[in-house]
Amino acid sequence: MGRGGSAPRDTSRPLLHDLDEQLGSLITALYPDERKRPGYARLARLIRESTGGTISATYLWELATGRKRNVTLEQLAVLAEFFGVPLEYFINDEVSRRVNTQLALAVALRDIRVRKLALRAEGLSSASLDALLAIVNEARRVENLERVSKHQEPPVGPPGP
């Protein structure tokens with residue numbers, strides 16, 4: 001037991017252990033083109049203008065690079081509001097994984113060719129869809145692209161209405 005009768009806190013895995021990666025993912029999802037991505041000063045200004053909350057450019061940079069992790073719940077709420085994610089994204093691994101899957105899909109669908117492929121695949125048989133997935137996976141392998149892991153894929157559910 002720690003002071004005051006409470007159990008000692010395990011600090012080997014801080015609550016916000018992936019905050020830098022999460023912020024990086026959110027920034028990349030919002031601004032996929034690195035050349036058009038705002039710097040931290042502009043991003044801090046956009047956050048302030050959009051949410052009314054304040055986070056300095058330096059502090060935002062420190063959070064995004066992992067140099068700082070001492071963020072308040074209020075600051076997390078401001079970041080969540082700006083990036084359009086639930087507050088739990090920053091503190092719950094399952095929510096974070098689910099949101100990251102949705103972000104990856106949203107980023108992929110920005111490309112008109114990806115949207116065209118998806119729309120043209122609608123209505124094909126399961127066998128044809130499996131064949132197309134095999135072709136895409138082979139193309140990714142040939143181009144030395146990362147393999148899409150199961151946790152990155154959106155869940156498969158029943159067909160839509």
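Hi everyone, here is a short walk through the structure above, from the whole chain down to a few side chains.

A word on the source: this is a predicted model, where local features need pLDDT of at least 70, side-chain atom pairs count only at pLDDT 80 or more, and totals for chains, interfaces and linings use all residues. Residues are numbered from 1 along each chain as its sequence is written, and side-chain values use heavy atoms, with hydrogens and water left out.

Let's begin with the overall picture. The chain has 7 helices and 0 strands, where helices (H or I, at least four residues) and strands (E, at least two) are DSSP runs numbered from the N terminus. Read from the N terminus, the order is α-α-α-α-α-α-α. There are 161 residues, and 24% of them count as buried. Buried means under 20% relative accessible area, exposed means over 50%, and partly exposed is in between, with a 1.4 Å probe and protein chains only.

Next, contacts, meaning heavy atoms within 4.5 Å. Among contacts in the chain with a separation of 6 or more, 50% come from residues 24 or more positions apart. For one example, find Gln75 in helix H4, residues 73-83. Gln75 is buried, at 18% relative accessible area. Setting aside neighbours within four places in sequence, Gln75 touches Ile55, Tyr59 and Asn70.

Now the rings. How many aromatic pairs does the structure hold? There are 2. Rings of Phe, Tyr and Trp (its six-membered ring) pair if their centres lie within 6.5 Å; planes under 30 degrees apart count as stacked, over 60 as edge-to-face and the rest as tilted. Phe82 and Phe83 make an edge-to-face pair, 5.0 Å centre to centre with 85 degrees between the planes. Both partners are covered: Phe82 is buried at 14%, and Phe83 is buried at 11%. In the pair Tyr89 and Phe90, the centres are 5.3 Å apart and the planes stand at 80 degrees, so this pair is edge-to-face too. Tyr89 is buried with a relative accessible area of 0%, and Phe90 is buried at 2%.

On to charges. The whole structure has 5 salt bridges, each a side-chain nitrogen of Lys or Arg within 4 Å of a carboxyl oxygen of Asp or Glu. One of them joins Arg45 and Glu49, with the closest N and O atoms 3.4 Å apart. Why are these two separated by about one helical turn? Because they are 4 residues apart in helix H2, residues 40-51. An α-helix has 3.6 residues a turn, so residues three or four places apart point the same way. Arg45 is partly exposed at 35%, whereas Glu49 is exposed at 57%. Glu94 and Arg97 form another bridge, at 3.3 Å, and they sit 3 residues apart in helix H5, residues 93-108.

Last stop: helix H7, residues 126-142. Its 17 residues reach 24 Å from first C-alpha to last, close to the 24 Å expected at 1.5 Å a residue; the expected span is 1.5 Å times one less than the number of residues. Ile135 lies in H7 and is exposed, at 56% relative accessible area. Together with Leu124, Leu129 and Leu132, Ile135 forms a nonpolar surface patch of about 320 Å² accessible area. Patches take residues with over 30% relative accessible area and no salt bridge, joining like charges within 9 Å and nonpolar side chains (Val, Leu, Ile, Met, Phe, Trp, Tyr) within 5 Å. Areas come from the Shrake-Rupley method with a 1.4 Å probe; for residues, only the protein chains shown count as cover.
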